[in-house]
Amino acid sequence: MAEKQSKWRIFTAGIIRENPVLRLVLGCCSALAVTTTVSGALGMGLAMTFVLVCSNIAISALRKVIPAKVHLPCYIVIIATFVTVVQMVLEAYIPDLYKALGVFLALIVVNCIILGRAEMFACKNTVVDSALDGLGMGCGYIITMVLMASIREIIGNGTWLGITVIPESIDRMSLMNQAPGGFFVFGCLMALCVWIEKKLDKPIERKTCGDVMLEEIDKAKSEEGGAKE
């Protein structure tokens with residue numbers, strides 16, 4: 001069991017200290033792909049948050065009955081169930097957003113943010129704490145997505161949520177609507193976070209999903225070896 005933390009600290013971790021995109025560098029593909037418009041970024045953020053919170057709750061509730069050897073396939077099945085629910089709802093009620101998100105909506109199933117929180121938090125903590133962790137991470141993801149999309153949409157299209165904020169007489173920077181523009185904005189925000197980390201002198205340890213999975217595999221092997229002895 002992980003060391004107990006205050007509910008507020010658990011919730012705010014994903015928003016500030018361990019922002020999944022800018023500080024843990026997870027879920028970057030969707031962050032770069034769908035942030036050309038604020039509406040798309042907001043829709044993706046809400047969908048991700050719903051799946052993250054629901055999957056965290058389900059995994060935490062079932063953590064004592066899921067066998068250690070098949071925990072990853074079980075996590076993926078649980079996550080895929082909630083992703084399917086989101087897809088069906090969006091396709092039925094918001095078809096334009098469903099088409100705009102495209103394949104990235106389905107790829108939420110294997111998003112490193114959700115799998116990472118399942119491995120690092122939900123499977124070791126209570127349902128309430130896991131729900132707060134998922135909500136905090138989701139809020140951090142939404143804030144980052146909307147921030148990136150706002151910069152790209154305003155500079156690239158002169159609009160924000162479809163509302164014109166830059167006069168038509170001023171030229172747009174169409175590069176912001178393309179992949180290089182996404183990488184540029186992402187790099188600038190990352191650099192800003194690194195600068196703030198240095199100023200605050202509070203660096204964090206960053207782990208990819210691969211690192212987490214390898215640690216869990218090594219841990220399972222060592223426990224299995226100890227049991228045999």
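Modeller: A salt bridge here is a side-chain nitrogen of Lys or Arg within 4 Å of a carboxyl oxygen of Asp or Glu. This is a predicted model, where local features need pLDDT of at least 70 and side-chain atom pairs count only at pLDDT 80 or more, while totals for chains, interfaces and linings use all residues. Residues are numbered from 1 along each chain as its sequence is written, and side-chain values use heavy atoms, with hydrogens and water left out.

Colleague: How many salt bridges does a search of the whole structure find?

Modeller: The search finds three. One of them joins the side chains of Arg172 and Glu168, at 3.9 Å from N to O.

Colleague: Which residue meets Lys7 in a salt bridge?

Modeller: Asp129, at 3.3 Å from N to O. That pair links distant parts of the chain, with Lys7 in helix α1 (residues 7–17) and Asp129 in helix α8 (residues 127–157), 122 residues apart. Helices are DSSP runs of H or I with at least four residues, strands are runs of E with at least two, and both are numbered from the N terminus. Lys7 is partly exposed at 44% relative accessibility, whereas Asp129 is buried at 10%.

Colleague: And what about Arg117?

Modeller: The side chain of Arg117 forms a salt bridge with that of Asp133, at 2.8 Å from N to O. Asp133 lies in helix α8 and Arg117 in helix α7, 16 residues apart. Both are buried.

Colleague: Now packing. At what angle do α3 and α4 pack?

Modeller: About 140 degrees, with the axes of α3 and helix α4 (residues 71–93) 9 Å apart. Axes are lines fitted to C-alpha atoms, for helices over the stretch in contact, and angles run from 0 to 180 degrees between N-to-C directions.

Colleague: How does α7 sit against α3?

Modeller: The axes of α3 (residues 38–61) and α7 (residues 112–120) come within 10 Å and cross at roughly 20 degrees. The two helices are therefore roughly parallel to each other.

Methods. Angles under 35 degrees count as roughly parallel, over 145 as roughly antiparallel, 65 to 115 as roughly perpendicular and the rest as oblique. Buried means under 20% relative accessible area, exposed over 50%, partly exposed in between (1.4 Å probe, protein chains only).
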